[in-house]
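The exercises below concern how two parts of one chain meet. Each task is followed by a solution in steps.

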Amino acid sequence: MPTGTLADVSTSPAATPATSGTSWVLSLSCPDQPGIVAAVAGLLAEHGGNITESQQFGDPLSGLFFMRVEVAATAPRAELETGLTALADRFRMTWSLDVAGRPMRTLILGSTAAHCVNDLAFRQRSEGLPIDIVGLVSNHTSLADLAAFYGIDFHHVPVTRDTKAAAEARLLELVAELDVELVVLARYMQILSDDLCRALSGRVINIHHSFLPSFKGARPYAQAHERGVKLIGATAHYVTGDLDEGPIIEQDVERVDHSRSVQDLVALGQDVERRALARAVRWHAEHRVLLDGHRTIVFR
């Protein structure tokens, strides 16, 4: 989690006139101890804050305390930053403060499958998914027309064994040039290197079917059909150097039976992937996901 980050409120739709204050979302974690909630609430009250939503959790396994607060406050930005910095020193706290509802600058990576890319773009346009899709990167050209339909800049970055390092360098250039806050692997069929995973730690979300590790490689739904699976699902998680083993944000499933064809399983699987990824992206963009080692705390 970033320490002491605060977005510019001047252009945010969530910024309101000084008379009514600005709606903020504060998320934090620190070693668990008495007095944290009282200290946070007191600080916000001192700065004209009215708490509209608050969730907290103390993890007995890690010994960490997690909290997410939405607050309408009349205090200027600098005052809130100063107060939170002092509080962070007192409680050994990491914190993130942002304007509630501010669209998060997001770069989508895809290959040839369109269902997740299309779903995220549609939800941004029609359902208020709080992301600003600033580009679509693909190692193929199949998704170029879809990007054009939604008015998203398309970047074709081919990847081969010989060009992988150059392709990842280009990706990092785009992240910097476009001021990207979140990268979403929307069925991007390339494995990110350990170096890239470290460079973008906590900022990359992936989606994959939940047949792993049982049905690896090509045609996983056909393999699952042959074995007569009764559940198909999807997992959305943060990307780490351990392939498909990063901290899980969301999972979803559908029950199936013997009457379902391979094509049925593929269609249902794509729908489950769309749903799980969209929820994970929304929760991340709304600062509802906090890392707890290899796990996540999700304040829904």
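**Exercise 1.** State how many residue pairs are in polar contact across the interface of domain 1 and domain 2.

Solution. The structure is a predicted model. Across the interface of domain 1 and domain 2, six residue pairs are in polar contact, both residues of each pair being at pLDDT 80 or more. Next, look at which strands supply the side of domain 1 that touches domain 2: S2 (22-31), S3 (49-59), S4 (64-73) and S5 (94-99) each give at least two residues. S4 provides the largest share, five residues. Sorted by type, the residues on this side of domain 1 are seven nonpolar, four polar and five charged.

**Exercise 2.** Locate the two domains and describe the extent of their contact.

Solution. Start with the bounds: the domain assignment places domain 1 at 22-99 and domain 2 at 104-298. Then take the centres over C-alpha atoms, which lie 31 Å apart. Now count the residues in contact: 16 from domain 1 and eight from domain 2. Interface size is often expressed as the accessible area lost when the parts come together. For domain 1 and domain 2 the buried area is about 870 Å², with 52% of it on carbon and sulfur atoms.

Note on methods. Residues are numbered from 1 along each chain as its sequence is written. This is a predicted model: local features need pLDDT of at least 70, side-chain atom pairs count only at pLDDT 80 or more; totals for chains, interfaces and linings use all residues. Side-chain values use heavy atoms; hydrogens and water are left out. Domain bounds come from an automatic or database domain assignment. Contact means heavy atoms within 4.5 Å. Buried area is the accessible area (1.4 Å probe) that two parts lose on being put together, summed over both. A polar contact is a pair of N or O atoms within 3.5 Å; within protein, one must be able to donate a hydrogen and the other to accept it, and residues adjacent in sequence count only if both atoms are side-chain atoms. Helices (H or I, at least four residues) and strands (E, at least two) are DSSP runs, numbered from the N terminus. Ala, Val, Leu, Ile, Met, Phe, Trp, Tyr, Cys and Pro count as nonpolar, Asp, Glu, Lys and Arg as charged, and the others, Gly among them, as polar.
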